[in-house]
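Here's a quick tour of some ring contacts and a strand pairing. Have a look at the model first, then read on.

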Amino acid sequence: MSHRLSVVASVLATSLLSISAHALPFAPVIDEFWVVKDTALAIPSEIFRDSFGDGVVPPSGPDGAATYGVFGPGGMTSEAGGKLTMTPSLGEPTVVTTTFADTSTQVTRILSANPAVDPANFLGVGASFEIHGLYDMSSLPEVVGQSFGIRAIDRSSVPANEGDNTISFSVANSSMTGEVIVLLQLVDFA
């Protein structure tokens, strides 16, 4: 499998994300994000680490200004003291219900998804890997629908790696209970 990651309202072919629903903004904070390849081997190799220490929000990172692809409205408000702070933005109120539309900011690490660009760090078919995200849990989703987390998608820009699975880990405010919950989910589109 080739792999991409996604963070909602923040970080990272490989991605992180944070979603906001009709609600007051909250500010999830990530301390560090890294990827380890060949975890099935005796000595796996770390292929990427961002400790958010350069003071410039993505797309800047360890690989320069093109470390990440950023999609969506705003979302990342500061990078200071080794922390990336995200403040998800609210969409405009919808016509029918007047509630705010859900919005998200997604940041994708591009290099691991294309063997022509970075063959040593490519996460391709049969690659074993680990995705790590270290969050500061001092700001949790307070309103139903708000969430943040990490998503891995097994597809890339390479036509032979179209993929069919999405694995996500998120912290969310549950629409069923109104409490903060932790979700680990596999969506198999096969």
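## Rings and a hairpin

Phenylalanine 148 has a relative accessible area of 1%, so it is buried (that means under 20% relative accessible area; over 50% is exposed and in between is partly exposed, with a 1.4 Å probe and protein chains only). Tyrosine 135 counts as buried too, at 11% relative accessibility.

This is a predicted model, where local features need pLDDT of at least 70, side-chain atom pairs count only at pLDDT 80 or more, and totals for chains, interfaces and linings use all residues. Residues are numbered from 1 along each chain as its sequence is written, and side-chain values use heavy atoms, leaving out hydrogens and water.

Rings of Phe, Tyr and Trp (its six-membered ring) pair if their centres lie within 6.5 Å; planes under 30 degrees apart are stacked, over 60 edge-to-face, the rest tilted. That rule gives 3 aromatic pairs. One of them joins tyrosine 135 and phenylalanine 148:

| Pair | Centre to centre | Between planes | Class |
|---|---|---|---|
| Tyrosine 135 and phenylalanine 148 | 4.9 Å | 50 degrees | tilted |

Tyrosine 135 is in strand S9 (residues 129–136) and phenylalanine 148 in strand S10 (residues 147–153), so this pair ties together parts 13 residues apart in sequence. Strands here are DSSP runs (E, at least two residues), numbered from the N terminus. Elsewhere, ring pairs link Phe33, Phe48 and Tyr68 into a cluster.

Glutamate 79 has leucine 84 in S7 as its bridge partner. Between S6 and S7 there are 2 residues, and glycine 81 in the turn has a positive phi of about 60 degrees.

How values were computed:
Two strands pair if DSSP finds at least two bridges between them. Helices (H or I, at least four residues) and strands (E, at least two) are DSSP runs, numbered from the N terminus.
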